[in-house]
Amino acid sequence: MTIQQMRYFLEVIYAGSVSKAARQLYTAQSTVSVAIQNIEAEFGFAVFNRTSSGVDLTERGASLALDVKRILQQMDLLDAKYADHREQRMEFSVVTQHHMPGIDALCSLVREHMEDRYSVNFFEMRTAEVLDAVSAGRFDVGILFFTADSKKFLIHKLRMSDTVFNHIAYKPIHVYLRQGHPLAGGSVIHEEDLAGYPRLAYDRGIDTDIIFTDALKRYSPRAINVNDRAAAYMLLQELDAFIVGSGYRTSSERQNGILAVPVADCGSWEIGYLLRSKIEESPLTRKFLRLFQEELERD
């Protein structure tokens with residue numbers, strides 16, 4: 001099925017008849033008819049019911065029409081993106097685990113190094129998804145933190161995913177709290193003190209690699225699962241909840257009264273970034289990593 005045949009097929013649907021579609025396409029009716037016949041011959045079913053007044057889609061024809069429309073929309077997007085080579089966009093993508101730094105560095109990259117046309121992605125995902133996204137080339141950089149107990153497992157997954165981990169720092173395990181939380185006054189928090197408060201966790205499902213980020217030793221009797229920061233912050237404010245994380249805070253988190261307090265005698269995270277192996281860093285990647293390092297040093 002060619003792109004031209006797809007366009008003829010949709011035009012017949014919109015027009016309601018082959019003859020009307022041909023007139024609107026400034027094409028011979030026989031050309032449109034042959035295109036429809038070739039589609040039906042290729043897939044082995046009728047796409048239209050023919051009537052004296054025109055055509056109606058068959059059930060399978062209606063299903064095919066949805067797929068054809070999606071394909072043509074994607075083709076139109078490709079045309080819009082790449083047709084004019086004189087107006088190429090700068091593109092850069094970062095993927096992180098939840099509650100990792102990087103967003104401030106990305107903002108600095110956009111302000112300081114991006115031109116008028118650009119496409120930038122910043123996604124938060126689970127650990128295994130970060131590995132897969134970088135390995136598949138969908139993102140330029142992945143940012144990770146993990147416990148010492150999970151490092152061997154991470155190395156195994158790295159070998160399978162064709163990515164390279166670059167160490168940056170070790171940082172004590174922290175919890176995020178709202179300013180004014182009953183536990184927010186001290187320089188450290190003891191794990192037993194957290195037992196009376198709800199623990200927020202991201203995307204805790206059967207396919208979640210909790211080995212990387214389950215740092216607390218005690219079972220939490222009050223657990224709430226979320227999948228985005230906005231929900232997490234609302235629950236932090238409303239329920240005196242807490243989140244276990246890297247301890248790094250964005251400028252927005254500082255302004256909005258989100259604190260990061262270390263947990264005593266709970267170990268540390270190893271923090272770093274992922275790149276695809278055997279792929280040379282782009283200039284934007286190098287600039288981002290420099291800004292990222294500066295972001296970490298400011299905290």
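Contact here means heavy atoms within 4.5 Å. This is a predicted model: local features need pLDDT of at least 70, side-chain atom pairs count only at pLDDT 80 or more, and totals for chains, interfaces and linings use all residues. Residues are numbered from 1 along each chain as its sequence is written, and side-chain values use heavy atoms, with hydrogens and water left out.

View 1. Helices (H or I, at least four residues) and strands (E, at least two) are DSSP runs, numbered from the N terminus. Helix α2 spans residues 18-25, and its buried residues are V18, A21 and A22. They cover an arc of only 100 degrees around the axis, so they sit on the same side of α2. The arc is taken from the directions from the helix axis to the C-beta atoms. Buried means under 20% relative accessible area, exposed over 50%, partly exposed in between (1.4 Å probe, protein chains only). The buried residues of α2 pack against α1 (3-15) and α3 (29-43). Just after α2, Y26 has a positive phi of about 55 degrees.

**View 2. The largest nonpolar core.** A nonpolar core is a set of buried Ala, Val, Leu, Ile, Met, Phe, Trp, Tyr and Cys residues joined through side-chain atoms within 4.5 Å. The largest has 36 residues. Those with the most contacts inside it are F92, L109, V141, V175 and F288. Helix α10 gives the most to this core, with six residues.

**View 3. The five-stranded open sheet.** Strand order is β4-β3-β5-β12-β6, with mixed pairing. Strands β4 (118-125) and β6 stand at the edges, each with a single partner strand, so one side of each has no neighbour in the sheet. The twist averages 15 degrees from one strand to the next. Two strands pair if DSSP finds at least two bridges between them. Nine bridges join β6 to β12, and the two run antiparallel. Y170 stands opposite E270 in β12.

**View 4. Helices on the sheet.** Helix α6 (residues 127-135) lies across β3, β4, β5, β6 and β12, at about 150 degrees to β5. Helix α10 packs on the sheet and touches β3, β5, β6 and β12. Its direction makes about 40 degrees with that of β3. Axes are lines fitted to C-alpha atoms, for helices over the stretch in contact, and angles run from 0 to 180 degrees between N-to-C directions.
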